[in-house]
Every structure is written in C-alpha cells, then in structure tokens.
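I opened the model to look up fold, domains and contacts. My entries are below.

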Amino acid sequence: MTEAAYRLPGSGQSGVCTAGPADFLVLLKPRVMSLVVFTGFAGLLAAPGSLHPVLAVVAVLCIAIGSGAAGAINMWYDRDIDAIMTRTAARPIPQGRIAPGNALGFGVVLSVGSVMVMGLAVNYVAAGLLALAILFYVFIYTIWLKRRTPQNIVIGGAAGAFPPMIGWAAVTGDVGLGALTLFAVIFFWTPPHFWALALFRNGDYEKAGVPMLPVVAGPVETKKQIILYTVLLIPLALTPVWVGVAGWYYGVPAFVLSVAFLGFALAVWKDDSDRAAKRMFGFSILYLFAVFTFLIVDTAVLDAFKVTG
Amino acid sequence: MSDKMTDNNDKRRYVSEVHRRQNSKNYAMLAVLGALVVLFYVVAIVRIGGAG
C-alpha cells in the first residue's frame, strides 16, 4: 500500500483534522487581504479626525480578519467549482487538506469575532459596516449572484469596496461623502479588473459554469464594458479631490494612473490574444495600490501643512 | 512479508506527519490566543485612558 492510500481528506474517516496552519492561512486569501488591508488603512488615514494608534491597528486587523473570514466561507461554498478551475484547484478544500465543515466553521468564527472586536474596541458603525461587507460578499455575491448573472462582479464588487469606508467609519463613527468617493473608486475599478482576468481565464469559467461576461456575452462585449468602466473611473478617481478628502498630490497621479488604465483597456480592445488582458490585469492591481498610496501620501502632506501652518 | 513491512512504514510515516501538523496547529492556536490576551489587555488600557 502506498502512502497516498493513507491520505485522509481533511477531517476524513478518522475525524481528525490533518490540515496545518498554512492551509488555514490560505483559506483567508492573503493576496486579496493585502489589498483590503491597504485600502482600509488608507480610508482610516484619509478620514477627518484621529484615532488612537492601538485602536487603528485593531481596526485594520479586524478588517483583515473579516475579509479573510469571508474568503474562507467563499471557498467553502465554491469548493465544487474551485475543484474544476485550474486557478483554484490547488486550494486546500478541493485538495482535501481541509474538510469543508472546518473551513466554514473557521470562517464563521472569524467573521463573528472580527465584528465583535471591532464593535467593542473601535465603534459600532465600523462593526456594522464590517458585518455588512462580510454578509454582502457571502450571501449577495457568492451565493446569489456569482453563478447566476454576468453582472456578478459589478454588484458583488461592492463587498470589496467597503474597506476604506470601514476605515473611515472607525475614525469618524459615520459614513461621510468622502468615504463614499473612496467606495466608488474601488466599486468602478472591480469590473475591469475581474473582466481582464476573465478574458484570459475564459475557459476556466466556462468549464465551471460561472457566467462571467466573456462566457455569456463574448470577448468583444467584455472589452467594450472594460473601456466603459475605465472611462468612468477617470472622473470618479478625482472625486476625493472635489469633495476635499484629498489634494492634488493625490489628484494628479490618480488622473495619470486612470488615463494609463484606460490605455491598457484600449490595448485589450485592439489585441486578439490574451497578452494585453494579462497586462491589464497586472496593471489593475498596481493601479489600486498606487492610487491609495498617493491618497496616503497626500493625507500626510496635508497633515504636515496643518501642523506647520 | 515485505509488503506488510512497507505498509507499516507508510502508516507510521503518515501518522507522524499528521501529528507534526497537529502540533504546529496547536502552537499556532496558542500564539493566536496569547496575542488576543495581550491585544484585549492593551485595548482595555487604551479605552480606560479615554481614547476612542
């Protein structure tokens, strides 16, 4: 008998969970988490007012854990299609390293824990928004929309747009116009980001029966929609300047980056191969990191002027 | 005879691998619980101090 014959799937026949800590870490989708943490932190810094550094760390930690927990529940629900898609087949549940029930329990405990800690340590508005983001991602996006409509990531993208608003609410205790502008930037960035991915992973989504736009409407319509959203993103990326959340240290680079993003979208339109879509997907991640980095830099500059002025 | 020995060796190797992973998971859990104790203590001190 080979060693493989003893490999129990997750908490298989013996009832013993065989997964290591690294497997549970993968359930939290660390790469998505890094983007969520960064935008949440930027929202926290951009908000008017101040928060004790310890409470700020707790707020960012809760956003990170809450986002990871939603990711774990998503992996529990999507375990059937994850096993089919090349991009996700190596995840711990389809690989049998974590039993589905364990992943669900892990996600639920972390979701409840992160919301409770946010409420008790920071404030109830931030906790409420965190709970709303988790519930939206799990019930609206994962369970309801993802397998039903090509608009899945348009509406579902709202879940990923919550972090800066949560960071903002952690400081102010409410949701201001400034927070909504940061929400809008991520909300309109999400569709072109995911559609670029879906263009070169089309076969994967088709095989799994996920109705992403390229699967349902084809690449030409997807490319049109990508251009539409990147055009809309140009004025939207400047709204934080118009409402006074940020100055031109943010505005100028955000404008340049948004125009470059549109340039990548136009390259996708012209290119019949996957190359431009892959490039655009890579740039979209850089775009969001860069835009929020400039927001942080701008906030620091504005604060410095306030101190010296 | 030889098959049975290989079988036992595989089984032993599997069990020790499972124990190793369980051990590392237990240590990770201990670290998380310890960190939470410290975090709650610090948050309590900060909140008592009037922040937030």
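I am working on a predicted model, where local features need pLDDT of at least 70, side-chain atom pairs count only at pLDDT 80 or more, and totals for chains, interfaces and linings use all residues. Residues are numbered from 1 along each chain as its sequence is written, while chains are lettered from A and ligands numbered from 1 in the order in which they are written.

**Fold.** I looked up the elements of chain A and found 12 helices and 0 strands (DSSP runs, H or I of at least four residues for helices, E of at least two for strands). The radius of gyration of chain A is 20 Å, close to the 19 Å of the globule rule for 309 residues, so chain A is as compact as a globular protein of that length. I note that the radius is taken over C-alpha atoms and the rule is 2.2 Å times the number of residues to the power 0.38.

Which helix gives the most to the domain 1 side that touches domain 2? I found H7(A), with 11 residues. In total, 30 residues of domain 1 are in contact with 30 residues of domain 2 in chain A (C-beta atoms, placed from the backbone, within 7 Å).

**Chains.** I then checked the contact between chains: 16 residues come from chain B and 15 residues from chain A.

Key: Two residues are in contact if their C-beta atoms, placed from the backbone, lie within 7 Å.
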